[in-house]
Amino acid sequence: MLKAMEHIAKEEYPGQQIMLRASYYFPQNREALSDREKLVAYLKEHAKDKISVPELAKMMSVSERSLFYFFKRNFQTSPTDFINCVRMNAAAEHIHRGLSVKEVTEMYHFSESSAFCRLFKKYFGITPTEYRQLAEKSQLKIVSRDKLKD
C-alpha cells in the first residue's frame, strides 16, 4: 500500500513497461488492460467515485483474477490498495486546500469520518488534521494529482 503510494508520489515505475507483453494472461479483452496509463488516468479522474474491483473488472471486460494479476505485476499492489491510494492522494489535496475532514469524507463517499481518518493514517502515517497542520506550516508539499505521471 505505502509502496504503491511512494511510486505515485515519486512519479516513477522503474523497470515497468506500459504495454503488457504476454497477451495470454487476458484472453477476454487484452486491449482493455494493455495500457496502464489509461487505467491510472481513469482512476484519477474518478477518484471521488466509489469504484469496486468487480465494477472495474467489468468495465475493463476482464475477470477479477486477471485484474488482480495485472495490478500485482504492474504496481506491486492489489487493485483495492491502488484505488485507495489514488483516492487518498486526491483527498489529501482537498485537505491541503482547506476543506474539512467531514467535507472530504462526504466528497469521497466514506460512511464515517473515522473510517476516512483510519485509511488516511494508513497511507500517510498521520491524521488528516496533522496533515493540514503540517501543510499550513509549509513543512509539507503536496503534489497535485493532475501533475502525477504514471
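This is a predicted model: local features need pLDDT of at least 70, side-chain atom pairs count only at pLDDT 80 or more; totals for chains, interfaces and linings use all residues.
Residues are numbered from 1 along each chain as its sequence is written, and side-chain values use heavy atoms, with hydrogens and water left out.

Along the sequence the pattern reads α-α-α-α-α-α-α-α. Of the 150 residues in the chain, 43% are buried, where buried means under 20% relative accessible area, exposed over 50%, and partly exposed in between (1.4 Å probe, protein chains only). Contact means heavy atoms within 4.5 Å. Among contacts with a separation of 6 or more, 63% are between residues 24 or more positions apart.

Helix 7 covers residues 113-124. The expected span of a helix is 1.5 Å times one less than its number of residues. For the 12 residues of helix 7 that gives 16 Å, and the end C-alpha atoms are 16 Å apart, which agrees. Its buried residues are F116, L119, F120 and Y123. Seen down the axis of helix 7, the buried residues fall within an arc of 105 degrees, so they line one face of the helix; the arc is that of the directions from the helix axis to the C-beta atoms. An α-helix has 3.6 residues a turn, so residues three or four places apart point the same way. Just after helix 7, G125 takes a positive phi of about 85 degrees.

Rings of Phe, Tyr and Trp (its six-membered ring) pair if their centres lie within 6.5 Å; planes under 30 degrees apart count as stacked, over 60 as edge-to-face and the rest as tilted. By this rule there are 10 aromatic pairs. For F110 and F116, the ring centres are 5.3 Å apart and the planes stand at 65 degrees, so this pair is edge-to-face. Both F110 and F116 are buried. A cluster linked by ring pairs takes in F110, F116, F120, F124 and Y131.

F116 also belongs to the largest nonpolar core, which has 33 residues; L56, F71 and F116 have the most contacts inside this core. Such a core is a set of buried Ala, Val, Leu, Ile, Met, Phe, Trp, Tyr and Cys residues joined through side-chain atoms within 4.5 Å. Two or more residues come from each of helix 2 (36-45), helix 3 (53-60), helix 4 (64-75), helix 5 (79-96), helix 6 (101-107) and helix 7. Helix 5 gives the most, with 9 residues. Leaving aside neighbours within four places in sequence, F116 is in contact with M88, A91, I95, V101, V104, T105, F110 and P128.

N84, in helix 5, is buried at 16% relative accessible area. Beyond four places in sequence, N84 is in contact with L119 and Y123. T127 sits in the loop between helix 7 and helix 8 (128-136) and is partly exposed at 24%. With residues up to four places away not counted, T127 touches F120 and K121.

Technical notes:
Helices (H or I, at least four residues) and strands (E, at least two) are DSSP runs, numbered from the N terminus.
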